[in-house]
Protein chains: 2
Amino acid sequence: MNYLAKIYVTLKPTVNDPQGVTVKGGLHSLGFKSVNSVRVGKFLEVQVEAASKEAASAQVQEMCKKLLANPIVELSRFEIEETKR
Amino acid sequence: MNYLAKIYVTLKPTVNDPQGVTVKGGLHSLGFKSVNSVRVGKFLEVQVEAASKEAASAQVQEMCKKLLANPIVELSRFEIEETKR
């Protein structure tokens, strides 16, 4: 079976986000003065083959731990859905 | 009122994603052979002040168009929720 995992990787709330600060500055210069804060993270779509949704979920959890997110400064969460291809 | 916009920026399906291909290669070398494809996008959390949810939504739409996503190669979508702070 094929599954699509949508993975969200964000910096932990206590970690500085210079990229977010830069984007916020950019938005302010464009006139969006009402923006209070911007945090930038990653969004990954991973197509994975597995016997069951649980197996796919376990694999994706491992992937996040081993490669996709840095557990020291980042948090990751994901959703899994079955797909046709 | 304060609103949190969760913005997802992804490459259009027809656009090459070398970063995704590299991550897929990394996952394969780590033993995750069942991964068929990886696409990498951005996930932004923007705190914005606005009079209503509709006003916030209109602002975020403009931000995506003007700065956050490149409409030539990227797609953006977002969700808005009211927040306490």
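A residue is called buried when its relative accessible area is under 20%, exposed when that area is over 50%, and partly exposed in between (1.4 Å probe, protein chains only). By this rule Glu74(B), with a relative accessible area of 17%, is buried.

This is a predicted model, in which local features need pLDDT of at least 70 and side-chain atom pairs count only at pLDDT 80 or more, while totals for chains, interfaces and linings use all residues. Residues are numbered from 1 along each chain as its sequence is written, chains are lettered from A in the order in which they are written, and side-chain values use heavy atoms, with hydrogens and water left out.

**How the two chains are related**

Two copies of a chain are related by a rotation about an axis and a shift along it. Here a rotation of 180 degrees, with a shift of 0.0 Å along the axis, superposes chain A on chain B with an RMSD of 0.0 Å. This is the relation of a two-fold axis. Within chain A, the residue that comes closest to the rotation axis is Lys42(A), whose C-alpha lies at 2.3 Å.

**Salt bridges**

A salt bridge is counted when a side-chain nitrogen of Lys or Arg is within 4 Å of a carboxyl oxygen of Asp or Glu. Over all chains there are six salt bridges by this rule.

| Lys | Glu | Distance, N to O |
|---|---|---|
| Lys42(A) | Glu74(A) | 3.9 Å |
| Lys42(B) | Glu74(B) | 4.0 Å |
| Lys66(B) | Glu62(B) | 3.5 Å |

The elements named below are DSSP runs, numbered from the N terminus: helices (H or I) have at least four residues and strands (E) at least two.

In chain A, Lys42(A) and Glu74(A) form a salt bridge. Lys42(A) belongs to strand β2 (residues 35-49) and Glu74(A) to strand β3 of chain A, so the pair ties together parts that are 32 residues apart in sequence. Lys42(A) is partly exposed at 29% relative accessibility, whereas Glu74(A) is buried at 16%.

In chain B, a salt bridge joins Lys42(B) to Glu74(B). Lys42(B) is in strand β2 (residues 35-49) and Glu74(B) in strand β3 of chain B, so this pair too ties together parts 32 residues apart in sequence. The relative accessibility of Lys42(B) is 29%, so Lys42(B) counts as partly exposed.

Lys66(B) and Glu62(B) are both in helix α2 (residues 53-68) of chain B, where being four residues apart separates them by about one helical turn. Lys66(B) is partly exposed, with a relative accessible area of 49%, and Glu62(B) is partly exposed at 27%. In chain A, a network of salt bridges links Glu62(A), Lys65(A) and Lys66(A).

Leu27(A) sits in helix α1 (residues 18-29) of chain A. Its relative accessibility is 0%, so Leu27(A) counts as buried. Val38(A) is eleven residues from Leu27(A) along the chain, and their C-alpha atoms are separated by 9.5 Å.

Key
Least-squares fit on C-alpha atoms with pLDDT ≥ 70 in both.
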